[in-house]
Amino acid sequence: MSESRLYSFSPETKEQLRKFRLGTSRAKDPKAIIYTIDSKNQEIRPEDGEVYTKMEDLVDELPESSPRFILLSYPLTLASGRLAVPYVLLYYLPVNCNPTARMMYAGAVELMRNVAEVNRVIEVVEEDEIIGIEAKLQSED
C-alpha cells in the first residue's frame with residue numbers, strides 16, 4: 001500500500017472522520033465535510049472544519065479548478081419506502097484542474113475511502129452533479 005506512505009492523516013483528523021461517520025448514521029439532514037490535501041506535507045485534512053447541510057452552500061465553497069474530497073451522509077427515502085442514509089465519498093474533480101493536483105488526489109482516493117470507511121466513491125465533475133446528488137444516490141442503491 002504505497003499510498004499510505006505518501007499521504008497522512010493527523011490523529012485529530014482520523015478521530016474527526018470516525019465521529020462524523022458514527023454521528024451521521026441516523027441523521028435527518030444531509031451532512032458534508034470538504035477535505036483537501038496539503039501539498040507541502042501531503043496531509044489529508046478538513047478544509048475548513050465546516051459541516052454543510054445544504055448542497056448549494058457546499059458547492060459555493062468548492063474551488064473552481066482544484067480537486068477535493070467530500071464526505072457526505074445523505075438521508076433519503078428509497079423507492080421501496082425504506083429510509084436509507086448513504087455514506088459516500090464524493091471525489092470532486094473539476095475539468096479544468098491542473099494535472100499535478102489531479103494526480104495527487106487520484107493517488108489518495110483509495111486511502112481516503114479506506115480511512116473514512118465509506119463503501120462508495122462517486123466522482124463528480126460539475127457542481128450541478130453535487131446539487132443533484134440525491135438522484136444519483138437513489139439510482140445506485
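**Ground rules.** I am working from a predicted model, where local features need pLDDT of at least 70, side-chain atom pairs count only at pLDDT 80 or more, and totals for chains, interfaces and linings use all residues. Residues are numbered from 1 along each chain as its sequence is written, and side-chain values use heavy atoms, with hydrogens and water left out.

**Sheet order.** I looked up the strands (DSSP E runs of at least two residues, numbered from the N terminus, as are helices, which are H or I runs of at least four). Five of them form an open sheet: 5 strands, order 2-1-3-6-7, mixed pairing. I take two strands as paired if DSSP finds at least two bridges between them. Strand 2 (44–46) and strand 7 (120–124) are the edges, each pairing on one side only. The twist averages 30° from one strand to the next. Angles here run from 0 to 180 degrees between N-to-C directions, with axes fitted to C-alpha atoms, for helices over the stretch in contact.

**Strand 3.** I checked burial next (buried is under 20% relative accessible area, exposed over 50%, partly exposed in between; 1.4 Å probe, protein chains only). Strand 3 (residues 68–73) is largely enclosed by the rest of the structure, because 6 of its 6 residues are buried. Arg68, Ile70 and Leu72 are buried on one side, and Phe69, Leu71 and Ser73 on the other. In a regular strand, side chains alternate between the two faces of the sheet.

**Its partners.** Strand 3 is antiparallel to strand 1 (residues 31–37), with 5 bridges. I found isoleucine 34 opposite isoleucine 70, and isoleucine 33 opposite leucine 71. Strand 6 (residues 87–92) is also antiparallel to strand 3, over 6 bridges. There, leucine 72 faces valine 88, and isoleucine 70 stands opposite leucine 90.

**Strand 1.** I count this strand as mostly covered, with 6 of its 7 residues buried. Strand 1 pairs with strand 2 in the antiparallel sense over 3 bridges. Tyrosine 35 has proline 46 as its bridge partner in strand 2. The two strands make a hairpin with 6 residues between them, and glutamine 42 in the turn has a positive phi of about 60°.

**Helices on the sheet.** I traced helix 2 (residues 11–23) across strands 1, 2, 3 and 6, at about 160° to strand 1. Helix 4 (residues 99–116) lies across strands 1, 2, 3, 6 and 7, at about 175° to strand 6.

**Cores.** I then looked for nonpolar cores (buried Ala, Val, Leu, Ile, Met, Phe, Trp, Tyr and Cys joined through side-chain atoms within 4.5 Å). The largest has 23 residues, and Tyr35, Ile37, Ile44, Phe69, Leu71 and Met112 touch the most other members. Helix 2, strand 1, strand 3, strand 6 and helix 4 each give two or more residues to this core. Helix 4 gives the largest share, 7 residues. A second, separate core has 21 residues, including Ile34, Met55, Leu76 and Ile133.

**Methionine 112.** I listed its contacts (heavy atoms within 4.5 Å). Leaving aside neighbours within four places in sequence, methionine 112 is in contact with Phe9, Leu17, Tyr35, Ile44, Phe69, Leu71 and Leu89.
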